[in-house]
Amino acid sequence: MDYKQYIAQKIDVEGVSSEEIASMVNIPPDPAMGDYALPCFRFAKALRKSPVQIAEALASAIAPDEVIAHVSALNGYLNFKVNKQGLAADVLGRIAREGAAYGSSREGAGKTVCIDYSSVNIAKPFHIGHLSTTVLGGALYRIFNFLGYKAVGINHLGDYGTQFGKLIAAYKHWGDRAAVEKGGIHAVNDLYVRFNNEADEAMEAEAREYFRLIESGDKEANDLFEWFKSLTLAYVETIYDRLHIRFDSYAGERFYTDKMAPVVAALKEKGLLKESNGAQIVDLEAYGMPPCLILRSDGASLYATRDLAAAIYRKKTYDFYKCLYVVAYQQNLHFKQVFKVLELMGYDWAKDLVHVAYGMVSLEDGAMSTRKGKVVWLEDVISRCVEKARTVLEEKNPSLEHKDAVAETVGVGAVIFGALYNNKIKDIVFSYDKALNFDGETSVYVQYTCARASSVLAKAAEAKFACAEDFDAAPNEQEAELLKALADLPQTVREAAEKYEPSLVARWCVDTAKLFNKFYFDCKILQAEPSVRAFRLALTKAALTALTNGLGLLGIGVPEKM
RNA sequence: GCACCGUUAGCUAAGCUGGAUAUAGCGUCGGUCUACGGAACCGAAGGCCAGGAGUUCGAAUCUCUUACGGUGCACCA
């Protein structure tokens, strides 16, 4: 039931369309005033009456029906109270029918959305700075799938560049197979860091040569590279598994090696390519941007060249409806340039490319620096959160079964939620104090709420208590507020997709959990008389379903007990 | 220098396609235990929504401007 539209079609004001009225309907600050409100100030000029008079006239002209129980005028606002009994039957019935699909839709059917996220660099461990793109992208992936789109997760691997020449040179000088096999990705990273700190001109030359060897297909250089790559992928897989992240494609930068020449040729053919200081560029001065560099003066391709090739390849391969790039805002200009160049090449789908920009992560004592050892590894954050969860569990619920699995769900949930709860554009200062705080507006709070609901439902099942979506009396205030929140999930998911903002779903989870806890505290469920009990059980079940769906979209699990 | 982003309570943030008394969490202080799971619930204190100007019946929200902070601006990715 779309109440806003329902209200709009009951109101007739000259010169204002029903859609406009629907968009003017909002929610009053205090539920005592009503569930929905229409401010009448904008009608004043056309109707040549005061907003107060207009609201009063409209209020008396609208007869209550089975959907709208009450209409009143207050200070120029027209306030509506919906029939809560109808709301209850509507919402609870729908959630009971749809279950795990509640909140989903088919609106994206037939449309593909490519999501480029996480995009790890080969031979580098995951640090806390990689968390945002990974969980944001993962959440968007699920949200778009939930809305019926076909999401394609792409891990655009950073597997191309001179750093691999350096890495091989460092390995040849200081590394050995046994040590790397033992130390894994961190041992590889140490070699790279050491190269940056200690390499002299001779080693730099060696590094350039090794990079050339990789490019020219030399077996030894490529074997080493592939080895480092497989070490990296095995390592990130373990992290992706824990964060519930998946990809459909690992086509990284190297994948586009042979796909750039046609792009350069096309640019040339379209007269977009221009020489400047020895390099090949696309001049974007007319659009207020610095030039987009396509080829270096030595003829080598650049970052932008690969992104052009990748966009064209993705369009050809997936025929996407949208292609998202979940990349930090530092690259705002880069994407603006790449998108503009594609537009200039005549691709009308350039408008479907979206840079989903998010804020940076720093540490309390400033920016991260791998070289100075100022870095927080993601696996450490995860294991410390899981450890903390385990400790709290041991203290609060010593007899719990499967403590390790629950601690994993709770701890990992806290890591994900921490990165998704705020607007993505905001910068984050990481601290263990905050990451390990499970109080307040956190996933732990929401999971705890679900555990309470599960527990009530389990007891009800044991006692064979009935559950009923229909209720022959009006819900009370706590029940009504919870019902309204539950009814909002589909719209919240849609908005999260529209704005590429999973935090909206995270906020919805916390808000709804709060309302459930209020309901739970104020209203006895199992001890209520049978018809009330049946209704409250249905409400509890619906809340659990909706919250599980909400957290699930973020990649966070819900333990039955914790 | 130019461009983009940010600035809301002691701290961290919601609210931004303009609407009623600016909303939460943490922290502080004070309550609620006949517990359907207290990782809960309720209350209090705490605000010139960075400053200024404008548009409007109405501005945290839109426009301009100043300050502060961040990011980017040619052969790295």
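This is a predicted model: local features need pLDDT of at least 70, side-chain atom pairs count only at pLDDT 80 or more; totals for chains, interfaces and linings use all residues.

Biologist: Which residues are closest to RNA strand B?

Modeller: In total, 68 residues surround RNA strand B. The closest are Ala-37, Arg-296, Asn-423, Gly-440 and Ser-455.

Biologist: Which element gives the most to that surface?

Modeller: Chain A has 21 helices and 12 strands, taken as DSSP runs (helices H or I, at least four residues; strands E, at least two). Those giving two or more residues to the surface include strand S1 (36-39), helix H14 (378-396) and helix H20 (503-522). With 8 residues, the top contributor is H17.

Biologist: How far apart are the end C-alpha atoms of H17?

Modeller: The expected span is 1.5 Å times one less than the number of residues. H17 has 20 residues, so it should span 28 Å. The model agrees, with the ends apart by 28 Å.

Biologist: What do the buried residues of H17 pack against?

Modeller: A residue is buried if 20 or more other C-beta atoms lie within 10 Å of its own, exposed if 12 or fewer, and partly exposed in between. In H17, the buried residues include Val-444, Gln-447 and Ala-460. Their packing partners are helix H15 (403-420), H20 and helix H21 (530-554).

Biologist: Is Asp-319 buried or exposed?

Modeller: Asp-319 sits in the loop between helix H12 (303-318) and strand S9 (322-328). Its phi is positive, about 45°, although Asp-319 is not a glycine. There are 11 other C-beta atoms within 10 Å, so Asp-319 is exposed.

Biologist: And Tyr-500, buried or exposed?

Modeller: Tyr-500 lies in the loop between helix H19 (489-498) and H20. Tyr-500 also has a positive phi, about 50°, and is not a glycine. The count is 21 other C-beta atoms within 10 Å, so Tyr-500 is buried.

Biologist: What percentage of chain A counts as buried?

Modeller: The C-alpha atoms of chain A fill a box of roughly 85 × 65 × 40 Å along the principal axes. Of the 562 residues of chain A, the buried share is 40%.

Conventions:
Residues are numbered from 1 along each chain as its sequence is written. Chains are lettered from A and ligands numbered from 1 in the order in which they are written. A residue is near a molecule or strand if its C-beta atom, placed from the backbone, lies within 6 Å of it. Two residues are in contact if their C-beta atoms, placed from the backbone, lie within 7 Å.
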